[in-house]
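Colleague: I am new to this structure. Please take me through it by question and answer.

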Amino acid sequence: MAYDFYWSNGDIVINDNGTVETVVDDKEIAQAVQNRLQTPLGLIQQLPGTGMEHTHLVGKNVDYDAIRADIKDCLKQDPRIGEVRSIQMSVKGRQLIVSLESSIVPSGLQVYLDLPKEEYEEDVD
C-alpha cells in the first residue's frame with residue numbers, strides 16, 4: 001500500500017483536528033502522476049531527472065505530438081505506471097487538459113498544464 005501527504009494547490013492539507021491528511025493507493029498514484037507532470041524537468045536540483053519537459057508547452061503552434069511524447073517519457077520515471085494506453089488532450093483557455101489511461105493510473109485522471117498562449121478551446125485528438 002502506497003501513501004503520501006495529500007497536496008492541494010501546492011500545500012499539504014491539514015485536517016481540522018491538526019493531523020496531516022494522506023492519500024493512499026489509486027489516489028496516491030494519481031497525485032504522484034499529476035505532481036510529476038506539473039513539475040518542469042530539472043526543477044528539483046536533488047532529483048534532476050524528475051518531471052516533464054515543458055519546452056513544448058510554450059510559444060505558438062504547440063506541437064501536441066511532442067507533448068504526448070514528453071508525457072510518456074515523464075510517466076516512465078515511475079516504475080509503477082507500466083504501459084500508457086491512451087493520452088487525450090484538449091485546450092481550454094490557457095490550460096492543456098490531459099486525460100490518461102494506463103495499466104495502473106486510475107481511469108478518469110485529468111492533469112491541467114498551463115499554456116502561455118491566447119485563450120481558445122479545442123480538442124487535440
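This is a predicted model: local features need pLDDT of at least 70, side-chain atom pairs count only at pLDDT 80 or more; totals for chains, interfaces and linings use all residues.

Modeller: Residues are numbered from 1 along each chain as its sequence is written, and side-chain values use heavy atoms, with hydrogens and water left out.

Colleague: Is Gln31 buried or exposed?

Modeller: Gln31 sits in helix α1, residues 25-38 (helices are DSSP runs of H or I, at least four residues, and strands are runs of E, at least two, numbered from the N terminus). Buried means under 20% relative accessible area, exposed over 50%, and partly exposed in between, with a 1.4 Å probe and protein chains only. Because its relative accessibility is 9%, Gln31 counts as buried.

Colleague: Which residues does Gln31 contact, leaving aside its neighbours within four places in sequence?

Modeller: Contact means heavy atoms within 4.5 Å. With those neighbours left aside, the partners of Gln31 are Asp4, Phe5, Tyr6, Trp7 and Val23.

Colleague: Which residues touch the most other members of the largest nonpolar core?

Modeller: A nonpolar core is a set of buried Ala, Val, Leu, Ile, Met, Phe, Trp, Tyr and Cys residues joined through side-chain atoms within 4.5 Å. Of the 23 residues in the largest one, those touching the most other members are Leu37, Ile71, Leu96 and Leu100.

Colleague: Which element gives the largest share of this core?

Modeller: Elements that give two or more residues to this core are α1, α2 (64-75), β5 (84-93), β6 (95-102) and β7 (110-114). The largest share is five residues, and these come from α2.

Colleague: How far apart in helix α2 are Arg68 and Asp65?

Modeller: The side chains of Arg68 and Asp65 meet in a salt bridge (3.6 Å, N to O), the term for a side-chain nitrogen of Lys or Arg within 4 Å of a carboxyl oxygen of Asp or Glu. Asp65 is exposed, with a relative accessible area of 58%. Because Arg68 and Asp65 are three residues apart in helix α2, their separation is about one helical turn.

Colleague: Is Asp78 buried or exposed?

Modeller: Asp78 and Arg80 form a salt bridge through their side chains (2.8 Å, N to O), and a network of salt bridges links Glu28, Asp78 and Arg80. Arg80, at 32% relative accessibility, counts as partly exposed. Asp78 has a relative accessible area of 7%, so Asp78 is buried.
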